[in-house]
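User: I'd like a close look at one part of this model, followed by a walk through the regions around the rest of the chain.

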Amino acid sequence: MSGSTLAIHGGTPVRSHYLPYGRQFIDEADIASVVQVLQSDFITTGPAIEQFEAEIARITGAKYAVAFTSGTAALHGACFAAGIGEGDEVITTPMTFAASANCVLYQGATPVFADIDPQTYNLDPKRIREKLTKHTKAIIPVHFTGQPAELDEIHTIARENNLVVIEDAAHALGAQYKNKSIGSIGDMTMFSFHPVKHITTGEGGMITTNNPLYYEKLLQFRSHGITRNPDHMIQNHGPWYYEMQFLGYNYRLTDIQAALGISQLKKLEQFVDLRKKYAAMYNEAFRHTKTIQIPYQSNSGVSSWHLYIIALNLEQLKGSRKNIFEALLKENIGVNVHYIPVHLLPYYQELGYKQGLCPNAEQLYNRIITLPLFQGMSEQDVHDVIRAVNKVLNHYSK
Ligand SMILES: *Cc1c(COP(=O)(O)O)cnc(C)c1O
């Protein structure tokens, strides 16, 4: 049994082997699904892509879904379809992965960071209003950790100012906002199938939309800007003819990956339920720990719990976030930090974004630690994390 001496000080670690913060869960059915496609006629964009798109549309309640090679490529496609271009401004949150803002730069437009609500960690609608200018074209809210952003207020702002809403739902497959599934609400919604997300295709992403014009643009954008639909062509030289009408990319997901996605989707409900259960175990364990603030849950939505983030009450602690983070790693707990605010990344600093731009996000960044949470975890793993956190925080508690 491990004692109270921290592993970082030479004690026995809580776990003998490393527990990552997130990882994929692949079973025999997933493998069989991929093998079946490998033995079929299509390995790139074929029937499995269509089926995967139809399944995502059905599960989210959206009319259309378009698969992409990654969530990042999907965001790029959405920015293109929304008509975002040079001279436009797009408001997003700094508390996200760089891709949520990079997609705006890909289109030659300017990301504008609005600060977060210190309670929900999501974009604060009041701060969005302060950032509106005559150049604002779109808002990209992120459903941070899986907890839906304040979509009603965001859509009110969008309606009043004629803006497109592109939801970054990389964390939020299986989440609900006011009894509606995420993916059925905004103009366009992006999902990611990176291995740490709710379901995986290795790399992969999807846009859902109810708008047929966006749908057509997205399909064309992911395949070089080419159409083969005679109704959409300017010329027609004959049956061989296809038409490139704008500069698109090759962002096509393969049928091999879609087969994995279709199989993974069958387990989505089970995956989300497990994440909810483990998050509830963490909440229960840390509810009364004075050195920790557990994640606030808004009652306007149901989180799909991509991440479980504790915020340290640093005034109650003798150690820094870095001390505590390093001590947890030595206990073999794969902690992480989500995220370094995007405007503080050197590339963005170089573009002229200044420290102090989003004080709530910057203060939160200094206090947060992400604990392991994924569908392949056991209850014993959760107990190990709780034991390690208590051990480390007891040591550093004032
Ligand atoms: C994972 C993620 C992305 C990017 O998705 P990829 O599939 O890795 O390209 C974008 N935004 C957020 C918030 C993410 O977590």
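Why does Ile31 count as partly exposed?

Analyst: Happy to take that one. This is a predicted model, so local features need pLDDT of at least 70 and side-chain atom pairs count only at pLDDT 80 or more, while totals for chains, interfaces and linings use all residues. Residues are numbered from 1 along each chain as its sequence is written, and side-chain values use heavy atoms, with hydrogens and water left out.

Ile31 counts as partly exposed because its relative accessibility is 41%; buried means under 20% relative accessible area, exposed means over 50%, and partly exposed is in between (1.4 Å probe, protein chains only). The residue sits in helix α1, residues 28-38. Helices here are DSSP runs of H or I with at least four residues, strands are E runs of at least two, and both are numbered from the N terminus. Together with Ile26 and Val35, Ile31 makes a nonpolar surface patch with about 220 Å² of accessible area. Patch members have over 30% relative accessible area and no salt bridge; like charges are joined within 9 Å and nonpolar side chains (Val, Leu, Ile, Met, Phe, Trp, Tyr) within 5 Å. Areas come from the Shrake-Rupley method with a 1.4 Å probe, and for residues only the protein chains shown count as cover. A salt bridge would be a side-chain nitrogen of Lys or Arg within 4 Å of a carboxyl oxygen of Asp or Glu.

Helix α3 (residues 71-81) is mostly covered, with 10 of its 11 residues buried. Among those buried residues are Leu75, His76, Cys79 and Phe80. After α3 comes Gly83, with a positive phi near 80 degrees.

Next, strand β2 (residues 89-92). Glu89 and Ile91 point one way, Val90 and Thr92 point the other way, and all are buried. Strand β2 runs parallel to strand β3 (residues 110-113), joined to it by four bridges; two strands count as paired if DSSP finds at least two bridges between them. Ile91 has Val112 as its bridge partner in β3. To get from β2 to β3, the chain passes through helix α4 (residues 99-106) in a right-handed β-α-β crossover, meaning that with the strands pointing away from the viewer, the path from the first strand over the helix to the second runs clockwise. Strand β2 also pairs with strand β4 (residues 136-140), again in the parallel sense over four bridges. There, the bridge partner of Ile91 is Ile139.

Further along is an open sheet of three strands, in the order β12-β14-β15, with antiparallel pairing. Its edge strands are β12 (292-293) and β15 (368-371), each pairing on one side only. Strand β14 (residues 308-312) is linked to β15 by four bridges, and Ile310 has Ile369 as its bridge partner in β15.

Tyr121, in the loop between β3 and α5 (125-131), has a positive phi near 70 degrees although the residue is not glycine. Tyr121 counts as buried because its relative accessibility is 4%. His224 also has a positive phi near 70 degrees in a residue other than glycine, and lies in the loop between α7 (212-221) and β10 (226-227). At 32% relative accessibility, His224 counts as partly exposed. Lastly, the peptide bond from His338 to Tyr339 is cis, with omega near 0 degrees; Tyr339 belongs to the loop between α10 (321-330) and α11 (346-350).
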